[in-house]
Amino acid sequence: MSVHLFMNKESALETQVTAAQFGDEEIRHELISKYQPFVAKCVSEVCKKYISPSRDDEFSIGLIAFNDAIDSYVIDKGAAFLSFAKLVIKRRVIDYIRQQTSPIIMTSINNLNDQEEKTESPAEVQISREKFEVETEAWYRRTEIEEFQQQLRHFRLSFKELTEVAPRHRDARESALKVAHIVFHNEELRTKVLSKGRLPIKELSDKVTVSKKTLERNRKYIISLVLILSGDYVYLKDYLKGVDV
């Protein structure tokens, strides 16, 4: 499939999502019906097993999450709808699984029942709540890192390699991030990186102040930054904040 055709299909999907957001229930039902296999696949990846749409509760959770993703998707954020929906589905299913496997902790978060209220002090409840929130955030971070590692493999990159090629000096890292933002905000340059896995140094050199030699030296690092900016990596993007771009 050509990049042009892919972009057209994605654009058409986003148009349908927008229509559903504005109240077109027919299109909403069409999207939910059409993308049930997609939902099942996302849920299966979390559960590490085959998910039956007719028997498994997790599928119903995923379907509700897909519908919510339609409502909460913001096209201007730059992420493709299916990428966004996949993240919403996976996180919702993870929450559901945690509720099933950690009922005591979940009860603490949703106000302890009468018996627990008699045996635990407010301080203990607060400690339980904070512990759960820390564990949940750690879970999300690990999941996000695993997804990013998988994407890196498609580009023949790895975390180990990135640690080796990452600029050592803060100024150099900030410069690379500024270049990555320029690529991300330029549709033509971004498409070349995401579809071909290469940094278009010749075209990019006319738009930045750094030399071609520097671009080539930091090529892999810049590509990894573009992948983060283009994806639904909530926590990884936190590491990129605080730079004037």
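**Figure 1. The annotated motif at residues 57–70.** The UniProt annotation "short sequence motif: Polymerase core binding", from an unreviewed entry, covers residues 57–70. UniProt positions follow the numbering used here, feature names are shortened, and annotations may be inferred rather than shown by experiment. This is a predicted model: local features need pLDDT of at least 70, side-chain atom pairs count only at pLDDT 80 or more, and totals for chains, interfaces and linings use all residues. Residues are numbered from 1 along each chain as its sequence is written, and side-chain values use heavy atoms, with hydrogens and water left out. The span 57–70 is 100% helix and 0% strand. Its end C-alpha atoms lie 20 Å apart. Helices (H or I, at least four residues) and strands (E, at least two) are DSSP runs, numbered from the N terminus.

**Figure 2. The whole protein.** The protein has 15 helices and zero strands. Of its 245 residues, 40% are buried. Buried means under 20% relative accessible area, exposed means over 50%, and partly exposed lies in between (1.4 Å probe, protein chains only). Take the contacts in the protein with a separation of 6 or more: residues 24 or more positions apart account for 62% of them. Contact means heavy atoms within 4.5 Å.

**Figure 3. Helix H3 against helix H4.** Helix H3 spans residues 36–47, and helix H4 spans residues 57–72. Their axes come within 9 Å and cross at roughly 120°. That angle makes H3 oblique to H4. Axes are lines fitted to C-alpha atoms, for helices over the stretch in contact, and angles run from 0 to 180 degrees between N-to-C directions. Angles under 35 degrees count as roughly parallel, over 145 as roughly antiparallel, 65 to 115 as roughly perpendicular, and the rest as oblique. The crossing of H3 and H4 is right-handed. A crossing is right-handed if the near helix is turned clockwise from the far one by less than a right angle, and left-handed if anticlockwise. H3 brings Gln 36, Phe 38, Val 39, Ala 40, Val 43 and Cys 47 to the contact. H4 brings Glu 58, Phe 59, Gly 62, Leu 63 and Phe 66. The residues of this contact divide into eight nonpolar, two polar and one charged. Here Ala, Val, Leu, Ile, Met, Phe, Trp, Tyr, Cys and Pro count as nonpolar, Asp, Glu, Lys and Arg as charged, and the others, Gly among them, as polar.

Figure 4. The axes of H2 and H4 come within 10 Å and cross at roughly 135°. H2 is therefore oblique to H4. The crossing of H2 and H4 is right-handed. Arg 28, Leu 31 and Ile 32 in H2 meet Leu 63, Phe 66, Asn 67, Ile 70 and Asp 71 in H4. By class, the contact of H2 with H4 has five nonpolar, one polar and two charged residues. Arg 28 lies in helix H2, residues 25–34. Its relative accessibility is 9%, so Arg 28 counts as buried. Neighbours within four places in sequence aside, Arg 28 is in contact with Ala 20, Gln 21, Asn 67, Ile 70 and Asp 71.

**Figure 5. Arg 156 in a loop.** Arg 156 sits in the loop between helix H8 (122–154) and helix H9 (159–165). Most residues other than glycine have a negative phi. Arg 156 has a positive phi of about 55°, although it is not a glycine. With 78% relative accessibility, Arg 156 counts as exposed.

Figure 6. The axes of helix H10 (residues 170–185) and helix H14 (residues 219–230) come within 9 Å and cross at roughly 55°. H10 is therefore oblique to H14. H10 passes H14 in a right-handed crossing. Residues of H10 in the contact include Arg 173, Leu 177 and Phe 184. Among those of H14 are Tyr 221, Val 226 and Ser 230. By class, the contact of H10 with H14 has eleven nonpolar, two polar and one charged residues. Ala 176 is in helix H10. At 3% relative accessibility, Ala 176 counts as buried. Not counting residues up to four places away in sequence, Ala 176 touches Tyr 221, Ile 222 and Leu 225. Ala 176 and Ile 222 are 46 residues apart in sequence and 5.9 Å apart in space, C-alpha to C-alpha.

**Figure 7. The annotated region at residues 201–220.** The UniProt annotation "DNA-binding region", from an unreviewed entry, covers residues 201–220. Over residues 201–220 the chain is 65% helix and 0% strand. The end C-alpha atoms of residues 201–220 are 12 Å apart.
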